Amino acid sequence: MTFSVSWKGAPEMPILHLIACFFGGAALLNAVPHLVSGVMGRRFPSPFAKPPGKGMSSALVNVLWGFANLAIAWLLLGRFGHFYPDEIGDVGAFALGLLVIGLMGAFHFGGLNEGRGPDLT
């Protein structure tokens, strides 16, 4: 049994394909702050900090975590999801993944840093 979605005039898409596009977009956007912070030599919160997501991780940890997110995005978009940029469903699911993880980051880090930006010490 497979679940699929469709709308008027469009072919059916397996729901797992759209989920892969969604999480591929989320992983791709999540890679950005970790890679940028790491390459700049700055500390940034990561899941490996204490406490996870709130404490600061080293630049090296952030580069590795950012690279892992890139690999996850590649797997989800290029291998499992087969992302096609000319398919509105793929683009919509991908964009929604970008938006959701972007908003989550804005709310989390905005509250964590009280709008001041990360503690660079």
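**Exercise 1. How much space lies in the largest pocket, and which residues line it nearest its centre?**

Start with the volume: the largest pocket holds about 390 Å³ of space. Here a pocket is an open set of points on a 1 Å grid over the protein atoms alone, where a 1.4 Å probe fits, with protein on both sides within 12 Å along at least five of seven lines; the volume is the space filled by probe spheres set on the points. This is a predicted model, where local features need pLDDT of at least 70 and side-chain atom pairs count only at pLDDT 80 or more, while totals for chains, interfaces and linings use all residues. Residues are numbered from 1 along each chain as its sequence is written, and side-chain values use heavy atoms, with hydrogens and water left out.

Now the lining (residues with an atom within 4 Å of a point): 17 residues line the pocket, and Asn 30, His 34, Ile 101, Gly 105 and Phe 109 lie nearest its centre. Helix H1 (15-39), strand S3 (44-45) and helix H3 (88-113) are the elements giving two or more residues. H3 gives the most, with 7 residues.

**Exercise 2. In what order do the helices and strands run from the N terminus?**

Count first: the protein has 3 helices and 4 strands. These are DSSP runs, helices (H or I) of at least four residues and strands (E) of at least two. Then read along from the N terminus: β-β-α-β-β-α-α.

**Exercise 3. What percentage of the protein's residues count as buried?**

Take buried as under 20% relative accessible area, with a 1.4 Å probe and protein chains only. On that basis, 29% of the 121 residues qualify.

Conventions. Buried < 20%, exposed > 50% of the residue type's maximum accessible area, 1.4 Å probe, protein only.
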